[in-house]
Amino acid sequence: MTEFRDKSRRQFLGMSGMAGLSTFAAQAIGVNLGLVDVVQAQAGRRSVTPFRFAIISDPHLYSGKDHVFDRQLEDAVAQVNKLSTQPDFVLITGDVSHHGEADQIAKGKAILGKLRAPIRSIPGEHDWYLDMGAAWRGAFGQDVWSFDHKGVHFIGMNSILVPDFWTAAKLTPAQRRDWFMPLNSPVPGLWGVGDKTLDWLRKDVEKISADVPVVVFTHSPLWDYYPRWNFQVSDSKEIRDILGKFVNVMAYHGHVHHTVYNKVGNLTSIGTMSTSWPWPYPPITLPFPEYQQYRADPSNTSDGMGSALVAMDTAGEGFVQYLPFADSLPPAMKNGFKT
Ligand SMILES: [Fe+2]
Ligand SMILES: [Fe+2]
């Protein structure tokens with residue numbers, strides 16, 4: 001593991017300690033993979049068995065062979081596989097394909113199938129709107145799920161659902177899909193999980209004790225980060241209310257293709273990097289104490305990309321690490337940012 005230091009992240013860690021915001025700590029040590037550890041027990045939290053899980057997000061695979069995005073996803077898989085302490089599972093937070101084509105989704109499943117650890121997945125908008133999730137569900141299963149693991153309750157929800165705008169307009173499946181391709185397309189409107197999933201969520205957590213740590217996965221963030229780019233979930237307030245009884249909720253998301261952190265009430269929101277390309281930060285001031293991450297090399301199109309590895313400790317405390325590129329990538333891409 002090649003360690004590098006990111007000045008902004010050091011500052012963030014320092015402020016986290018001073019402010020007592022200790023439910024989440026992130027240390028940037030690479031660019032292609034992240035690791036989250038839950039490392040500190042705190043009063044009022046149920047003790048859990050330590051473990052780690054990885055997150056890989058937004059591969060955006062194209063059709064055909066030998067695309068650079070294939071190699072970048074393969075790199076993330078290799079990084080996870082060579083960890084001496086394997087994650088218990090790997091969460092795929094959406095947009096495994098770029099156009100939602102069945103061959104792209106099948107290729108994603110095949111590459112991710114090389115992981116030593118089992119995977120769980122939720123869809124992104126790129127996976128869904130060509131065939132309304134048929135190929136994705138065929139490859140990855142349910143788009144809404146939960147399970148308990150070593151004392152932590154995990155929830156995954158499809159967060160990219162919108163009301164039907166295509167039937168009346170007589171759009172073809174490809175036209176419907178294409179309206180979701182631009183980051184700033186207003187046609188699909190704001191997306192969310194929908195009432196059916198909200199009802200499911202209420203029932204899912206009804207009998208779970210408030211001191212159980214909860215980890216939630218959605219494709220887009222559970223707060224209004226930048227709705228114009230659908231950096232949001234339209235029913236995130238309802239979700240936060242349903243999960244409001246829990247002492248500690250950690251929510252991981254993809255879609256934004258960069259790191260971003262926020263805390264709303266008991267819910268800590270963490271954006272994971274993409275394995276395909278980095279989106280820019282939206283033109284807003286990020287909520288304290290987050291900083292925009294540096295792009296050390298603007299000419300390096302892979303700079304600022306990657307995925308995440310999460311390790312869980314005794315009380316639902318998450319620690320994220322980002323790992324360096326694999327040996328298969330050019331040396332200039334291995335060494336991280338210089339500050
Ligand atoms: Fe994406
Ligand atoms: Fe997306």
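Two residues are in contact when heavy atoms of each lie within 4.5 Å. The structure described here is a predicted model, in which local features need pLDDT of at least 70, side-chain atom pairs count only at pLDDT 80 or more, and totals for chains, interfaces and linings use all residues. Residues are numbered from 1 along each chain as its sequence is written, chains are lettered from A and ligands numbered from 1 in the order in which they are written, and side-chain values use heavy atoms, with hydrogens and water left out.

The protein contains eight helices and 13 strands. These elements are DSSP runs numbered from the N terminus, with helices (H or I) of at least four residues and strands (E) of at least two. Of its 339 residues, 59% count as buried. Buried means under 20% relative accessible area, exposed means over 50%, and partly exposed lies in between (1.4 Å probe, protein chains only). The accessible surface comes to about 13300 Å², and carbon and sulfur atoms account for 55% of it. Accessible areas come from the Shrake-Rupley method with a 1.4 Å probe, and for residues only the protein chains shown count as cover. Among contacts between residues at least 6 apart in sequence, 78% join residues at least 24 apart.

The model holds two iron ions, ligand 1 and ligand 2, which are 3.4 Å apart, and D95 coordinates both. Donors are N, O and S atoms within 2.8 Å of the metal (3.2 Å for Na, K and Ca); water is not among the atoms, so sites may look incomplete. D58 lies in the loop between β3 (51-56) and α2 (68-81), and D95 in the loop between β4 (90-92) and α3 (102-112); the pair, 37 residues apart, links distant parts of the chain. D58 is buried, with a relative accessible area of 0%, and D95 is buried at 1%.

In helix α3, the buried residues are Q104, I105, K107, G108, I111 and L112. Seen down the axis of α3, they fall within an arc of 160°, so they line one face of the helix. The arc is that of the directions from the helix axis to the C-beta atoms. These residues pack against β3, α2, β4, β5 (119-121), α4 and α5 (134-140).

Helix α7 (residues 195-205) has T197, L198, L201, D204 and V205 as its buried residues. They cover an arc of only 125° around the axis, which puts them on the same side of α7. The face turned away from this side carries the exposed residues D195, K196 and K203. The buried residues of α7 pack against β6, β7 and α8. In α8 is found S236, which is buried at a relative accessible area of 4%. Not counting residues up to four places away in sequence, S236 touches L222 and W223.

Strand β6 (residues 145-149) has a covered face of W145, F147 and H149 and an uncovered one of S146 and D148. It pairs with strand β7 (residues 152-156) in the antiparallel sense over five bridges; two strands pair if DSSP finds at least two bridges between them. W145 stands opposite G156 in β7. The two strands form a hairpin with two residues between them, and K150 in the turn has a positive phi of about 50°.
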